[in-house]
Amino acid sequence: MSGEQDRRFMARAIELANNGLYTTDPNPRVGCVIVKDDVVLAEGWHERAGGPHAEVAALQQAGANAEGSTVYVTLEPCSHFGRTPPCADTLIGAKVAKVVVAGLDPNPLVSGQGLEKLREAGIAVECDVLKAEAETLNPGFIKRMRQQLPYVRCKVAMSLDGRTAMASGESQWITGDAARQDVHHYRARSSAIVTGIGSVMADDPSLNVRLPSSHHPAIHQFTDADQPLRVVLDSQLQMPGHAKMLSLPGKTLIYTCSQDQQRQHKLEQAGAEVAVLESDGEKVNLSLVLQDLAQRQINEVMVEAGARLNGALLAQQLIDELLFYIAPSLMGDQAKGAFHLPELTRMVQKVPLNVVETRQIGVDWRIIAHLKYTQ
């Protein structure tokens with residue numbers, strides 16, 4: 001089969017994988033297409049953890065016709081027993097002729113072993129077809145497997161002059177309805193939403209996903225059980241027991257360095273989990289927070305916080321991606337900024353960004369930028 005056809009079928013597999021955007025945690029989003037004589041026999045994708053993997057879903061659809069076929073899958077078939085049997089064994093049992101993958105599985109339990117098992121069974125293997133495109137599906141899973149850290153996406157809604165709230169703290173609403181709805185798309189794909197106690201005290205946010213069924217082809221699969229983990233960084237344990245998020249479906253996790261067991265007990269009675277970590281000065285150690293979240297199998301983190309927490313994460317080079325929503329308005333130099341940073345006195349100290357997307361969302365603009373940290 002030609003390289004152009006390989007890319008076409010892999011592009012379809014990537015499109016299928018996107019159907020699991022909101023529901024596969026902590027597993028990666030994976031799609032699969034089975035082709036024989038240039039005709040698509042079956043398609044599948046991984047819908048949620050514990051359910052059939054993409055290859056199995058497609059093979060079940062293809063049945064005995066899968067023998068002699070070419071299988072396109074966006075991630076190397078697994079070779080180990082997890083919640084489900086190894087997909088490599090299932091492909092071998094189906095007697096497929098060839099397996100084309102976008103890239104190796106970063107999970108050290110797999111990483112090349114799945115493809116090696118296929119080769120040993122006499123199945124032709126090809127790798128790295130649309131690798132970069134496929135990796136955009138799973139930035140959190142990939143980073144967690146390679147670095148034992150989640151992928152951190154920081155959302156900032158601001159005016160054209162870079163202001164996020166009035167001096168009084170008033171911030172609702174800077175952006176329009178379409179932009180605020182778009183934020184829920186990113187919340188839905190996140191494993192956890194992180195904020196600081198200052199934002200909780202000022203706004204009493206829900207930090208949950210509220211999306212209409214028409215927003216994404218797979219959003220109908222999203223249930224209360226899929227709500228991302230709500231995370232509050234609360235060094236002194238000031239979280240009120242009547243906070244709105246504590247009464248909503250889903251879980252709330254509070255990180256603190258306070259040893260006040262009475263306050264811990266009250267918050268646990270209100271429905272929160274309290275985790276005590278070492279402090280970094282008087283604040284919760286942010287690196288330890290992210291390490292702990294990775295150990296909890298959190299892939300993608302969305303930060304929705306104020307300038308101090310945003311600035312601290314940025315200063316410690318812990319943010320991977322910035323998600324800006326920019327409103328066509330001006331709020332003046334007395335309003336609050338997006339990042340509280342130590343004073344930058346020279347141009348060489350500015351933080352460089354790699355803008356990867358600019359798009360109009362309703363009356364506002366969405367800019368996605370990746371960080372280019374300098375050591």
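**Contacts, strands and cores in a predicted model**

Alanine 188 touches Tyr22, Val209, Leu211 and Phe222, residues up to four places away in sequence not being counted, where contact means heavy atoms within 4.5 Å. The place of alanine 188 is in helix H7 (residues 177–189); helices (H or I, at least four residues) and strands (E, at least two) are DSSP runs, numbered from the N terminus. Alanine 188 is buried, with a relative accessible area of 2%, the term buried meaning under 20% relative accessible area, exposed over 50% and partly exposed in between (1.4 Å probe, protein chains only). Between the C-alpha atoms of alanine 188 and proline 106, which are 82 residues apart along the chain, the separation is 23 Å.

The model is predicted, with local features needing a pLDDT of at least 70 and side-chain atom pairs counting only at pLDDT 80 or more, whereas totals for chains, interfaces and linings use all residues. Residues are numbered from 1 along each chain as its sequence is written, and side-chain values use heavy atoms, with hydrogens and water left out. The protein chain averages a pLDDT of 90, and 95% of the residues score at least 70, pLDDT being the predictor's confidence in each residue, from 0 to 100. Confidence is highest in strand E14 (residues 300–303), at a mean of 98, and lowest in strand E16 (residues 336–337), at 82.

Strand E4 (residues 98–101) pairs with strand E3 (residues 70–73) in the parallel sense over 4 bridges, two strands being paired if DSSP finds at least two bridges between them. Within this pairing, valine 100 in E4 is the bridge partner of tyrosine 72. E4 also runs parallel to strand E5 (residues 124–126), to which 3 bridges join it, and valine 125 in E5 stands opposite valine 99.

In helix H10 (residues 286–295), the buried residues are Leu286, Val289, Leu290, Asp292, Leu293 and Ala294. Glutamine 297, which follows H10, has a positive phi, near 65°. Leucine 293 touches Pro150, Val194, Leu229, Val231, Leu253, Tyr255, Ile298 and Val301, not counting residues up to four places away in sequence. The largest nonpolar core has 34 residues, and those with the most contacts inside it are Val231, Tyr255 and Leu293; such a core is a set of buried Ala, Val, Leu, Ile, Met, Phe, Trp, Tyr and Cys residues joined through side-chain atoms within 4.5 Å. Apart from it lies another core, of 22 residues, including Val71, Leu91, Val96 and Met145.
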